[in-house]
Amino acid sequence: MAFSKNFLWGGAVAAHQFEGGWQAGGKGVSIADVMTAGANGVPREITDGVIPGKNYPNHEAIDFYDRYKDDVKLFAELGLKCFRTSIAWSRIFPQGDEALPNEAGLAFYDKLFDELLKYHIQPVITLSHFEMPYHLVKAYGGWRNRKLIDFFTHYAEVVFKRYKDKVTYWMTFNEINNQTSGMNDWSLFTNSGLQIQPGENAELLMYRASHHELVASALAVQIGHRINPNFMIGSMFSTGPVYPASPDPKDTMKAQRLMQANCWYADVQCKGKYPAWLKHYFAVKNYDIGITLADEDILKAGTVDYIGFSYYASHVVKAAADEPADYMTPGRDIEVKNPTLSRSDWGWEIDPIGLRVTLNWFSQRFDLPLFIVENGLGAFDRLDGDRIHDGYRIDYLKKHIEQMALAVNEDGVDLLGYTPWGIIDLVSAGTGQMDKRYGLIYVDKNDAGKGSLKRLKKDSFYWYQNLIRHNGNQLTENTFKTHP
Ligand code: BG6
């Protein structure tokens with residue numbers, strides 16, 4: 001196995017899930033700040049503003065805001081070449097619609113990026129990761145409103161200029177596509193700040209909001225390249241193959257349609273235009289998305305430099321007995337358990353080969369480098385003294401990295417790097433839990449928000465450290481080293 005010597009081994013997080021300091025340095029309330037803790041199978045509540053007495057896990061998260069120096073030191077010890085995080089938009093523009101940025105917020109990321117660079121760790125930065133300023137939801141209705149394009153591009157321009165010599169790799173919107181594939185209250189709110197009122201057409205609003213984001217993303221790409229032509233500005237999709245449940249061609253048609261619905265954003269961000277099937281769908285549904293000729297030019301001129309994506313699981317679907325002819329009607333998907341795969345504690349199917357399938361899927365369609373910016377196992381960890389023997393996480397990572405290596409070496413996939421999700425335990429986006437742990441570094445805090453916040457290195461920490469040291473070339477021989 002051979003990864004290039006510049007391969008970006010890293011780790012990934014998002015500002016709202018680990019920083020805490022939700023009001024520090026003049027930060028405004030973000031949409032993540034009005035989401036309570038849920039549980040496995042219990043959705044998070046989206047409250048009308050911050051209500052005293054409710055449990056909002058993102059407010060403190062793991063207090064990285066105050067502990068960033070010690071944590072970055074641990075990332076350096078781990079050997080990370082890059083670190084993916086996001087900028088909390090509401091630290092820079094607390095309300096989102098101000099003319100001038102908040103200097104204290106900008107200064108925080110200066111300090112963080114300097115600290116990373118001190119250890120030769122490249123920051124990889126997402127501009128919007130489920131944490132837009134809440135004011136933009138209340139005053140403008142979130143991304144349903146075209147004005148958001150101006151607010152976002154202004155924010156992008158400010159941070160591009162400020163960090164132009166510190167950051168090379170950027171992404172515009174995290175998992176921009178999961179609002180289509182899993183259209184529900186949570187995904188509409190976290191992706192686009194949409195709150196659907198009775199009588200409104202959620203699907204239409206979702207497509208409009210997505211369009212505004214895509215235009216904003218394409219403009220940001222152009223602005224970024226003007227500021228620093230060396231910037232690499234990517235997209236970020238949530239992915240995983242959709243397999244048909246049986247050889248019945250109807251199931252194949254269903255699986256194909258779900259992949260289209262999941263990945264049409266890639267056509268727009270990588271090729272600069274809407275796919276024909278979707279334009280047809282808009283026409284059939286009589287959906288006025290508000291795509292102007294000027295928008296089409298912007299999309300064409302603002303295609304991304306690379307494809308960032310998250311990969312956790314694959315899915316199996318079957319067509320309904322009375323499946324509509326377009327195979328598109330939302331909410332009709334019948335998901336089936338894959339009998340060949342095991343599942344995580346949260347029921348996510350574990351499919352390492354699916355990662356290779358996904359890498360090939362992208363590579364065959366778009367002539368762009370790929371970057372796996374999230375992958376990992378959310379699991380319960382058990383403390384054994386001050387040790388965490390997370391062999392299951394090592395096994396997960398190892399099997400996925402093996403498939404990644406095959407994609408590079410056997411299939412010729414152009415892969416820039418790999419940043420496993422939640423390199424340090426953090427608040428789950430979906431459930432708001434702490435006990436759904438992805439980290440290689442343990443954080444002493446539980447679902448009830450109790451704990452010392454102390455950091456401990458898990459067995460997987462030492463395993464990944466060794467893997468990076470050998471540039472991924474020693475997956476099987478002697479790499480399962482636990483605590484020295
Ligand atoms: C991705 C998100 O959907 O998956 C992350 O980009 C999220 O923000 C991760 O945390 C894992 O999901 P969850 O719900 O287990 O936190």
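Visitor: How far is the polar side-chain atom of asparagine 174 from an oxygen atom of the ligand?
Guide: In this predicted model, the distance from that atom of asparagine 174 to a ligand oxygen is 2.9 Å. For glutamate 175, a side-chain N or O atom lies 2.5 Å from an oxygen atom of the ligand. Glycine 430 uses its backbone instead: a polar atom there is 2.8 Å from a ligand oxygen.

Visitor: And how much of the ligand does the protein bury?
Guide: The protein buries 94% of the 380 Å² that the ligand exposes when taken alone.

Visitor: Which residues around the ligand come nearest?
Guide: Of the 14 residues around the ligand, the nearest are Gln17, Glu175, Glu374, Lys436 and Tyr438. The shell divides into 6 nonpolar, 5 polar and 3 charged residues.

Visitor: What does UniProt say about Glu374?
Guide: An unreviewed UniProt entry places the feature "active site" at Glu374. Glutamate 374 is part of strand S12, residues 370-374.

Visitor: Is glutamate 374 buried or exposed?
Guide: Glutamate 374 counts as buried because its relative accessibility is 4%, and the cut-off for buried is under 20%.

Visitor: New topic, helix H9. How many of its residues are buried?
Guide: In H9, 19 of the 26 residues are buried, so the helix is mostly covered.

Visitor: What span should H9 have, at 1.5 Å a residue?
Guide: Its 26 residues, 202-227, should span 38 Å, and the end C-alpha atoms are 37 Å apart, which agrees.

Visitor: What is at the start of H9?
Guide: There, a side-chain oxygen of asparagine 201 comes within 3.0 Å of the backbone nitrogen of glutamate 203.

Conventions. Residues are numbered from 1 along each chain as its sequence is written. This is a predicted model: local features need pLDDT of at least 70, side-chain atom pairs count only at pLDDT 80 or more; totals for chains, interfaces and linings use all residues. Side-chain values use heavy atoms; hydrogens and water are left out. A residue is near a molecule or strand if one of its heavy atoms lies within 4 Å of it. A polar contact is a pair of N or O atoms within 3.5 Å; within protein, one must be able to donate a hydrogen and the other to accept it, and residues adjacent in sequence count only if both atoms are side-chain atoms. Accessible areas come from the Shrake-Rupley method with a 1.4 Å probe; for residues, only the protein chains shown count as cover. Ala, Val, Leu, Ile, Met, Phe, Trp, Tyr, Cys and Pro count as nonpolar, Asp, Glu, Lys and Arg as charged, and the others, Gly among them, as polar. Helices (H or I, at least four residues) and strands (E, at least two) are DSSP runs, numbered from the N terminus. The expected span of a helix is 1.5 Å times one less than its number of residues. Buried means under 20% relative accessible area, exposed over 50%, partly exposed in between (1.4 Å probe, protein chains only). UniProt positions are given in the numbering used here, feature names are shortened, and annotations may be inferred rather than shown by experiment.
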